[in-house]
Amino acid sequence: MTISRRKLIEPQITPFYHVINRCVRRAYLCGNDPYNGKNYHHRRGWIVNKIKQLAAVFCIDVCAYAVMSNHYHLVLKIDTEQQQKLTQEAVISRWLQLFNGHPIAVDFLKGKRLINHTF
């Protein structure tokens, strides 16, 4: 059974976390794939850039990382001081950097009243 992230991550106890993300069997993030002979080394830069982007958006410091052929490891630190300084508008605008905006969030950032929206 899985455990929700809300219960897994407790910044009051420790702000540091070791995260692993693994590809499915016979899939390669980067490096040489012995099954089809292709080289996916160019993806390493993509992965590192995406890690940096996500870390900036979610107030996380990347302490260390390692990108291997079919998985990567990250050592992360939650920046609670930076997170607590964010306004509601800053949180919404950071979220919209990654995901398509819900009309309510977009209207909120434009300064429109939210009373007309139906849920």
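Let me start with helix 2. Helix 2 gives six residues to the lining of the largest pocket, the most of any element. Keep in mind that this is a predicted model.

So what is the volume of that pocket? The largest pocket holds about 910 Å³ of space. Its lining counts 27 residues. Nearest the centre you find Leu54, Phe58, Cys59, Ile60 and Ile78. Which elements give two or more residues to the lining? On the helix side, they are helix 1 (5-8), helix 2 (43-57) and helix 4 (88-98). On the strand side, they are strand 1 (16-22), strand 2 (60-67) and strand 3 (71-78).

By class, 21 of the lining residues are nonpolar. Three are polar, and three are charged.

Next, the strands. Strand 3 pairs with strand 1 and runs antiparallel to it, with seven bridges between them. Look at Phe16: its bridge partner in strand 3 is Lys77. Strand 3 also pairs with strand 2, again antiparallel and over seven bridges. There, Val62 sits opposite Leu76 of strand 3. Strand 2 passes into strand 3 through a hairpin of three residues.

Which residues of strand 3 are on the covered face, and which on the uncovered one? Tyr72, Leu74, Leu76 and Ile78 are on the covered face. His71, His73, Val75 and Lys77 are on the uncovered face. Ile78, on the covered face, is among the residues nearest the pocket centre. Lys77, on the uncovered face, is the partner of Phe16.

On to helix 4. Ala90, Ile92 and Arg94 are buried there. What covers the buried residues of helix 4? The cover includes helix 2, helix 3 (80-85) and helix 5 (103-110).

Is Asn100 buried or exposed? Asn100 counts as exposed, because its relative accessibility is 79%, and the cut-off for exposed is over 50%. Asn100 and Asn21 are 79 residues apart in sequence. In space, their C-alpha atoms are 24 Å apart.

Last, confidence. The chain has a mean pLDDT of 83, and 92% of its residues reach 70 or more. Among the elements, strand 2 has the highest mean, at 94. Helix 5 has the lowest, at 75.

Methods
Residues are numbered from 1 along each chain as its sequence is written. This is a predicted model: local features need pLDDT of at least 70, side-chain atom pairs count only at pLDDT 80 or more; totals for chains, interfaces and linings use all residues. Side-chain values use heavy atoms; hydrogens and water are left out. On a 1 Å grid over the protein atoms alone, a cavity is a set of points where a 1.4 Å probe fits but cannot get out, and a pocket is an open set with protein on both sides within 12 Å along at least five of seven lines; lining residues have an atom within 4 Å of a point. Grid points are joined across faces, edges and corners, and a volume is the space filled by probe spheres set on the points. Helices (H or I, at least four residues) and strands (E, at least two) are DSSP runs, numbered from the N terminus. Ala, Val, Leu, Ile, Met, Phe, Trp, Tyr, Cys and Pro count as nonpolar, Asp, Glu, Lys and Arg as charged, and the others, Gly among them, as polar. Buried means under 20% relative accessible area, exposed over 50%, partly exposed in between (1.4 Å probe, protein chains only). Two strands pair if DSSP finds at least two bridges between them. Contact means heavy atoms within 4.5 Å. pLDDT is the predictor's confidence in each residue, from 0 to 100.
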